[in-house]
Each structure stands twice: as C-alpha cells, then as structure tokens.
Amino acid sequence: MDRKRQLNKRFLDILSGSTDVERHKALFLEGLSLQDDPAACVSKIVESKHGLSAVQQAIRHDLSTRFMNGLGTNVINYLLRANDVGDILDTVLLHILSPPIFWNTFCEFEKGNLDENAESVFAQFLAYLLRMENTDTSCYRDRAKQPSIFNRLVGSDHPEVRAATNLIKEILSTASVTSALSTPEGPGGRHDNDFMNFRDISIVPTVNEIQCTKKAFYRHASLLDDPTAKETRIADYLDNTFRLLRADMLYQLKEELQPILTKDNKKKRQRGTVIEGLCVRRLQNIKDSDRMTALKDPRGSKFLSYQSLACLIADGQLLTLGTILRVEDLLVKKPPAVVFQICGEASFVKALPKLNTAKEVKLVQTNTAIYSFEPVFRVLQTMKIVPLAEEILFWENGIPIGSPSIIISKITILLARNPSMDIQPLLGTQTPIKLDQAQAVSLLTGLNQRVSLIQGPPGTGKSFIGALLAKALHDFFDQTILVVCYTNHALDQFLEDLLEIGIPGSSIARLGGRANSAVSQLSLKNQTKEKFLRSNAAWTIIDNLKERADFLRDVLETTFRGFLASDISFEDMLTYIEFEDTDYSDAFRVPESMDGMIRKLADWKLAVHRSLVDDIWKHGRDYDECQDELSRKFSESSVAVLKQKRIIGCTTTGAAKYTEDIRAASPGVLLVEEAGEILESHIITALGKNTTQMILIGDHKQLRPKVNNYELTVEKEEGYDLNRSLFERLHRIRPEISALIRELAYPGLTDAPKTQNRDNIRGIQSNVVFVDHNQDEDDEKRISDRGDGGSLTSKRNQFEVDMVMKIVHYLLQQGYRSENIVLLTPYLGQLSALRDAIKKDADALMNKLDSGELTRAGLLASPTPPAKSQKTRIRLATIGLCNAIHF
C-alpha cells in the first residue's frame, strides 16, 4: 500500500468533511506537508469549511519536544513556502497561533529544546510574523525582544538563522525605546493624545491636545549624527519624522481654530462651512430637484469635501475634531445628513455622551488639508523597516556607496569609455542621443549606485537623464520602477518624457486623478483590464468577512439604540455596583446625606453610560477593520493590473495613499522627480520593503519643501530642519553620492543656445529695469505669511500695485498677450492686492499653493476650475512658487 497516497487521501477526506480530524490529527498534518504545491494546499485549507479548524486542532494535539522538532517544524516550514498567496497564508497561520498553545511551546526555543533545523524554522517563522501587514504584531515583537530568545538568535552560527535574525533585528530597531523617553521633557503625559510610542498617537488631534499650551516633544535633526545612539537611530528617526510633520499640521489647524478657542470671532473671519442644527447654509436656497446637480458642480464639489477636517461645537464648547465623509445621497435628503467620523478612542468616548445631551450642536469645516497628511502618517506608523537605511541613516566617511543588485554593464562600460558616444544603439531610442560630460556622468551614477542624486538647475537635462535611467532600467532590468513626483503636473510631464523616449504605454500605470490628456490613457482606471478571477480561497475569506461585518453591524446598531434610549435599569446599576464599586455592593449602603446619594446615583448612571459608549467604540472599531479588509480584498483586481506593469507613477501623496497596492506590486526602484522640493517624510514613506535602489532628481539650491510652521524650518536655525529635503541632507552628508555630477551644479552653468539672441522687449530701453521709490508698505493683517519668517501679518504696497498695473497695460499696448505676462511678488498680502486689481479687466491665474493660502485667510473662495471666459489671463504667484507656474 502506497503510504503517501493514503496520507493524501486522508488529508482530502478531512477537508471534505467525510472524515473527522479528531482521530487522525498526525496523519492530517503529514498529508498536509506532503502536498506538491504549498500555495495550492493553503488555498484548499481556506476553501474548505473544515480546513482551518482541522489545522487548528491538529497542530496543538502534541506538544512534546519530539513533535516540535519533527512534524510540527515540518508543517510550519512547508506553509512558509506558500508566501506568494499573501493573506490566504496569513489566515492559516493566524489560526495556528490562536489560541497560542502551539506557539508558546514552539517558543521553548529559548530553552535550547529545538534542534538545528527547528531553530532555523522558528527564526524564519518569527521573522514572517513580524513582517505581516494589517495585523497587530506587537505580541510577536515582545516575544522577539525577550533576552532569552533574542540572545539565542544572535548567537546562532546557522546561516539561515543568522539571515532571519538580521531581519528581526532590523524590524525591532524601528520600535526601540530611546534614552530621551526617560527625561522630563520626553514624550507622554502632556495631554490625552501624547504617548511615548508615536504609533499610538491619533492622527486627528483631540480637543485636549489642541488646547494644550505645553511645547510638544521632538528632537533636533542632529540626532542622526549621534554615534552613541546607533542602536535606536531608526526608531528615533521614524518617531521624529512623524512628530515634526504632525506638529506642522497642528500649527495650521490651531491657527484656523483660534477664533473658536478664544471665542474671538472678530480676530479672523470664519473660513469654512458652518452647519448649525439642521440648517445647511450653502444649500438653503437651492431647489430640491437641483441639490444633486449643485453638489456635483465644480464649486459644489468643494462643499463638505471628502475627508476634510471639521470640529463639533456643543453648547458653545469645542467638543471634538473629526473628518467629513462626503456621501452625496445623504446630503440631498431633507433634512440633509452629514457623516462625521470621530477618530480615536479618547475623542469618541468623551464626545458621544455630550452629543446625546447637548442643546445646540454646530459643525465647522476647516481648510486644513488633513487628507494630504493622513496617508503619510499612516505609513510612518506602520513602517516595520527602513529600506536603504545604510545609505540614508548610517553613513560613515570612507564607506563606499553600494551598487545595485544588477549593473547594466552593456551600457556602463561603453559609456564610461566614451562619454560622448551616441547611445541610441544601446537604448534603442528613436533619435540619436549624445550626452555632454556631466550628463554622461549623471547617467552612470544613477546606474552604478544604490542611492544617487541627479542635481542641477533648470534646463540642464535632469529630467531627461531621469527618463534615460528609467528607459535603461525598463529594458535591461526586471524590477518594477516607482516614479514619484510632488505635483500632478510634474508627474504628467515626466510620464510624457518616458513615452517620448520609447517606453511603451502598456508598461506604465498612473495612480491618482487629474491626469492631462496626453497621459490620461495611463491612468489605472482607464487601463484595459483582463477579467480578474479570484480563487475559491479568496472568495471564502470574503464571505467570512461579509458574515462578520453583518454580525458586527447588528451588534453595533443594537448597542447604539440602547445608548440613545439611555434607559439604564435598576438591575444595570446593581450589576455595575457589584463589579465596579464594591464599597456599596455588600449591603448597598446609602450615603448619609441625600445630596451625596443623588451625586452617587448620577455617578453610577454616568459610569454605566460610559460602558455603553466603550462598547460602541469597540464594535465600531472592529466593524471598520472588517470593512477595511473587505476593501483590500476587492482592490485585488487593481493590484493584478499593477503587477503587470513595469513603471508605476504617482504623486508623493498618492504613494502613501495607495501604499498597500504599490507594496503588492513590489517595486524595486524608486525614482523621484522634484526631490529637492519634497519633504523627507514623503520620500521615506514611498520606499517599499523590496526597494533596493533610489534615484533622486532635483536641485536643493532652489526651493526647499514648503511647511507651515516657521519655527521648525532650517531658516529659523532652531535645529529641527523640517524643510530640509532628503535630497539636500544626503548631498550635505554624503557628497560622494553626487560628487560625480557636480558639473551640473551652478558654478559651471552656461546659457543654452536657445536662450541666446532673443528679441529685446518692445517699448523698453533695457531688458532689465530696476525701479526705486520711497512709498512705504503697510501690513495686511488678515494674512499670516509663513514665507516671511512666520510673520503673523503680510506686507502690501498699493503704490506698487498701481505702478504694476500701468506697466501691464503698457506692455499690452506694445502687442504682448496677457497670457505671456507673469507677475511675481514676495508677499501674500501683495498677491491678494494684485489679484483684486487684475480682476477688473483680466483673470488672474494663480498657483494652487498661493490660492490655498488666500483661501485659508478667508480672502478667496475655494478654488474651482476656471469657467470659460472672454477675459485674458495674467499669471500671478509669489516668488517662492514661481517655478511651479506653467508656461
């Protein structure tokens, strides 16, 4: 009799339910580990309604050392080979681990009870558990940090154990506790959202946090230079990156909420939409039949926009902050319904009881763009490793820059020998391409180094070199390339460059909206999708999630109805007293005074009420997690498309927003345009766990990244340096990364031929004119100009406004078109005054960041797409944004 065939039959019989696993647990596990295809085996287990329970029972039936070193180890080792089925494998492993009967015994690794093979499997299993996505891995992290386990892992001479241990050490290093935490100035305790572990901080602030006047905890940028803090450097880095970025967001939010916090409505006008009671002011005078049309109109689409930050004011007091979930079908109802999401347990349990009893509730929408911050915060809080950490965080003088896993020697050797050669034959471009010396060196640097910077001012061919690098990596490399830009405009321009240089559109996918017509076909939503077929195991997981979601929704609705009814019975109160207030439980003693008894009864009712709110929070949290998991499952069709592409393009915000889909596509190369203008946090969160090469293109000698809080800037010289980009930091501390491309920098800059021999400006004696006058400026007190040293006001000069308008009219009389005229000013106050002057006879076309500043100041309605107009358009911007104006 063929034993292997019998084991296979017994395994399948148990999955089908025709045989009970109870008497055949060992045979079931043997049959499992003898299956030909681990991925198919794991799928069969999940598909079967008996599979997961059978594995769960069988794996814990024998806890002997012999079983752990034998069949138990063999089963785990076999299952880990199915790592290409993602969450299907996680489902099986989590059933093995819950309850942790087998796991606790397997962890006797610390006692030396496991043989060499079992120790290797244990280390690999622990590393896998620590890297699981969308799962709380804190219990496994705590286990790995136990000295008895960690020291034994580190001391092993087994190559596979050492490899797994290196990964475990890297993951643990992101959550190390630093010495700063033990000092009085360290994190924690300032308010109800101040925690030692930044991963516990709610992204949306609490009211207590907004009202707190104590200085928040964050470190100086010099922490990366401290040689004594190497062990905690990664943890310190992630912690500080999160705290500084969040401090910048809070600065803008506190500024907006100042009139509410001080109850001084004269200080600044209310900027956001206000909803009082059931009266929605913006829809008040719109016919019922036109409500949906009004909401979908470009201007109406800004009304209560999705994920905008808002606050609730109850009986005149700031109650809580949260985000608006725009559901148009609910907004058009009479009365309209607004979905408001309270984030964080602390805020929720405080706000809900007060909302239920408040006489007057007001919702105020703010202009703080939390939707652009939130994805980055989420990724920082869930990062388990920092790819390329050796180059980014652990640089040391004398250590050479590492090379990528594959060197394209067919290009690099020939180009190094002859930098001026025509590279058309090498890259298969449509036209001949000859690079100058600096460009050739830049191309070689990008191909030969794990981390490289392509630096130079506008017009020196940085983006062109980036496109050539993408072309080379696409043609000679099999890894996926993630292209990230700061703006949608820059992203579209770079994708156009890739198409022009010969990369087929079928190899590219663009994430996010607002693509221009030239690259709109690359958008993921416009891609031709093959029919996506889910496995039976995937459908089983989806069905189980739906069933759990339905159950949680019913429980949540029942609990919430009970809360609204507020019918706390005498039995409820006695039960609470029995378990929570035992001083009164034995004889139900009554306080001596009636006042005391009334107060005590009120306290008991409030406590029972609080327990209902706690239940609502827990059920709501579980329901949200279930829905998030369902969303991830249904996005697998998009992931399947991304996996077929070689180049994925998105903005920095998009890289964080779509991080799970991007991770599933496993890009190995990160290529960043405009890197000098991008915050370091936005680039770090774009790094995937499989990223082995990073190319940054930009120029730190131009604009730094824009931040709200001047106190955190390089210019303030307080040492926090939030607006120092990763590009600039690496250039300063690792000059060898960009040493070979210095010829692109400013000292050797020469004029391109196309910039020479241009016509002189008509009607003016000189092409450059300086005007001096003695007319003083005044302050625009309605605008806080962050670009002017964090000033609480901005500057404005009406004399210069009048003079500029006369010059504009004169240029128009010389035959110039208004769309060829650009006005630049250093100050937002002057920008607003110029805009008002231009409005009389032309449209002012402003950069989004400038218009956003004026919107936050309440001097400009929410930006909307320009309507068709006969007026001419003059481009207007502050100097800090002039490079973002599109000509």
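Guide: A residue is called buried when its relative accessible area is under 20%, exposed when that value is over 50%, and partly exposed in between. The model is a predicted one, and a search of the whole structure finds 32 salt bridges.

One of these joins E22 to K25, whose closest N and O atoms are 3.4 Å apart. K25 has a relative accessibility of 16% and therefore counts as buried, whereas E22, with a relative accessible area of 45%, is partly exposed.

A second pair, E629 and R632, meets through its side chains at 2.7 Å, N to O. Both residues belong to helix α26 (residues 594-634), and because they are three residues apart in that helix, about one helical turn separates them. Here E629 counts as buried at 18% relative accessibility, while R632, at 21%, counts as partly exposed, so the two partners fall on either side of the 20% cut-off.

In the salt bridge between K716 and E711, the closest N and O atoms lie 3.9 Å apart, which is within the 4 Å limit that defines such a contact. K716 is partly exposed, with a relative accessible area of 28%, and E711 is likewise partly exposed, its value being 41%.

Beyond these pairs, salt bridges also link R704, E715, D721, R724 and E728 into a network.

Conventions: Residues numbered from 1 in each chain as written. Predicted model: local features only at pLDDT ≥ 70, side-chain atom pairs only at ≥ 80, totals over all residues. Heavy atoms only, no water. Buried < 20%, exposed > 50% of the residue type's maximum accessible area, 1.4 Å probe, protein only. Helix = DSSP H or I, 4+ residues; strand = E, 2+ residues; numbered from the N terminus.
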